[in-house]
Number of protein chains: 2
Amino acid sequence: MTTIQDIADKLGISKGTVSKALNGAPDISETLQKQILETAVELGYTKLRRYKNSAKRICILIQKDFIQYTEPHHFAYDIVIGFRQLAEPAGFEVEIVPVNAEPQRETSYEVFMLRNNFVCAFALGFSLNDPWMKDFQTSRTPVVLYDNQIRGNPSTAYVGVDNDEGMDLAIAHLKELGHKGIGYLSSALESHIMQIRYNAFFQALKRHGLEDDPVLAGCSFFLSECMDRHLPRLLDMGVTAVVCGQDTIASAALVQCQQLGYKIPQDLSIVGFDDLPICPYTSPPLTTIRQDRINIGKCGYYAAMSLMNGVFLGTVLLHAQLIVRNSSGSPVRK
Amino acid sequence: MTTIQDIADKLGISKGTVSKALNGAPDISETLQKQILETAVELGYTKLRRYKNSAKRICILIQKDFIQYTEPHHFAYDIVIGFRQLAEPAGFEVEIVPVNAEPQRETSYEVFMLRNNFVCAFALGFSLNDPWMKDFQTSRTPVVLYDNQIRGNPSTAYVGVDNDEGMDLAIAHLKELGHKGIGYLSSALESHIMQIRYNAFFQALKRHGLEDDPVLAGCSFFLSECMDRHLPRLLDMGVTAVVCGQDTIASAALVQCQQLGYKIPQDLSIVGFDDLPICPYTSPPLTTIRQDRINIGKCGYYAAMSLMNGVFLGTVLLHAQLIVRNSSGSPVRK
């Protein structure tokens, strides 16, 4: 394991200077500190070995352009709470760090972690385009990613809901109600999780012996395109139910269908995904697949603890649950 | 939550009698105890609520017909050690319970757990035909299954290695060495895990742009059929590498190929799966995908702890590792 001495030797400076830089002492110039931290990362130095003693600091990195967490109705609010519920009683100091792409471009993930004395990160809302996603491919400082998977780096873990199980529950529910033609609406397949849900939807159709033609899906970056183009197209094709990749799309579809004169669920059943706090209050209340966000946060902590202890788990999936409300029912046309 | 009073009411007997039966007191007849335990299970009573106090007993259920654990070179030996390494310091009493199909037919899983005062089980080596696999579909007493998955029951979790990642590492390694035609040998696809590895192999071929014709696979319940029929067939087809679903098949293939006059790895590269203790000692030493069994055991404990705390995680996959030894190399024929 890399020591402070190794870093000092590599740079030809004293151990004391390296130590000061690693601890953010004010009498080290910023340039020198940067050089020392980058060398430390390059040599594979992490603060992990010390986490049992003093440095018990974990950060929750939140990509603030994509995910909100400050209010109870925000998606990540409960995830943060669940994580803290386990981490803080275990003696960890948990710091929330909102980031977007810019600071990621300025400082590498591992230099950031070293500079701030964090032993592990829980990353929420990162997209495939975020600069640190590339750093995570090779970093040695543990990172647990919500809804993102890095294959081949044992210092990373992926935490999320079991989307296959979720889609299976949704399709089984609709099939039992008598639906045969089931469509799919989703935002663009540009995130890891939207790709997974799309595949899970079609695999579930196949498993239940239902038609699984790709034309049954409408995916777009623009919500308006989903509503104005894909939804009417699916209705014209005669589907009696639509599963949505996210509750936000499902709740928009509820409104749009009713504006087009369709009764929910008599003319069309709609099933969402996520069980956002809004779901019981849509009109009618939305049937959906729950990912329990408090428990996602707790799973995040279990995964973090495991990586910090050298147990290289890669994937932790939470059981999905079907929450039946009033937006799904037997089709009038069969 | 079901109480002792509920059970007493249902049977029209006293709370004291129910309590005695649940604690295995000697002055309750076996027939009455059986009736009380079965009613308790039917009403959804588990000892889970009490695990924080006295009843901290977990069992490791080992299907002794399919998996061995008593000697260091046995597959499950390290899994058991890994589990105990975390469970015992946390205050759990861990009991190893070897079972085969017979006791499973006599007593249901949950009655067995209640009678023996276990709050959670870690089940190793169960096949799809084991009677308790059916019980696990609906049981409320947490069970963590190694290499088996129960969808739709939040009291069950699946722990294993990431087979997709493992197959991806194997195929990437062989492709980098210059292989284009890669075959697959496996035992019959009658277990959950053999099905998963088979699919993972073909998905990895596809992802790496290699030929993924199903004729490239030879799977049989009989090792001799794999060796005498499928292996020669793959060699005739001109494959330069073979990935095996298990190390046992890979090590048999090493011997068979050399008897047929093929040099390993010049004429054929062979890659196993599991990294059994034998792998460094085959001739030549076997390149394989490691599932770290100590860490599988530790993941089993994390999953158990999580289920016992009401965090319903469903899947925990350990990172796979490629272990390169001498049975893989660049092909002489390309």
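Analyst: To compare copies of a chain, we superpose them by least squares on the C-alpha atoms of residues with pLDDT of at least 70 in both. Done this way, a rotation of 180° with 0.0 Å of shift along its axis brings chain A onto chain B, with an RMSD of 0.1 Å. This is how a two-fold axis relates copies. Please keep in mind that this is a predicted model, in which local features need pLDDT of at least 70 and side-chain atom pairs count only at pLDDT 80 or more, while totals for chains, interfaces and linings use all residues. Residues are numbered from 1 along each chain as its sequence is written, and chains are lettered from A and ligands numbered from 1 in the order in which they are written.

Now for the meeting place itself. Two residues are in contact if their C-beta atoms, placed from the backbone, lie within 7 Å. By that rule, 20 residues of chain A are in contact with 21 residues of chain B. Helices (H or I, at least four residues) and strands (E, at least two) are DSSP runs, numbered from the N terminus. On the side of chain A that touches chain B, the elements giving two or more residues are α8 (163–177), α12 (293–308) and β11 (313–318) of chain A. The strand β11(A) gives the most, with six residues. Sorted by class, this side of chain A has nine nonpolar, six polar and five charged residues. Here Ala, Val, Leu, Ile, Met, Phe, Trp, Tyr, Cys and Pro count as nonpolar, Asp, Glu, Lys and Arg as charged, and the others, Gly among them, as polar. Because 100% of the interface residues of chain A are also interface residues in chain B, the copies meet through the same surface.

Let's look at the strands there. Two strands pair if DSSP finds at least two bridges between them. β11(A) and β11(B) are joined by five bridges and run antiparallel. One detail you can find is Leu317(A), whose bridge partner in β11(B) is Thr315(B). The rotation axis is not far off: among the residues of chain A, Val316(A) comes closest to the axis, its C-alpha lying at 2.3 Å.

How well covered is β5(B)? A residue is buried if 20 or more other C-beta atoms lie within 10 Å of its own, exposed if 12 or fewer, and partly exposed in between, with C-beta atoms placed from the backbone. Six of the six residues of β5(B) are buried, and the strand is mostly covered.

The loop between β4 (143–146) and β5 (156–161) of chain B holds Asp147(B). Its phi is near 60°, a positive value in a residue other than glycine. That is worth a second look, because most residues other than glycine have a negative phi, and most peptide bonds are trans. Asp147(B) is buried, as 21 other C-beta atoms lie within 10 Å.

Ala320(B) sits in the loop between β11 (313–318) and β12 (321–323) of chain B. With 29 C-beta neighbours inside 10 Å, Ala320(B) counts as buried. Leaving out residues up to four places away in sequence, Ala320(B) touches Val161(B), Asp162(B), Glu165(B), Gly166(B), Leu169(B), Ile289(B), Arg290(B) and Gln291(B).

A cis peptide bond, with omega about 5°, joins Ile264(B) and Pro265(B), and Pro265(B) lies in the loop between α11 (247–259) and β9 (269–271) of chain B. The bond from Ser283(B) to Pro284(B) is cis too, with omega near -10°, and Pro284(B) belongs to the loop between β9 and β10 (288–290) of chain B.
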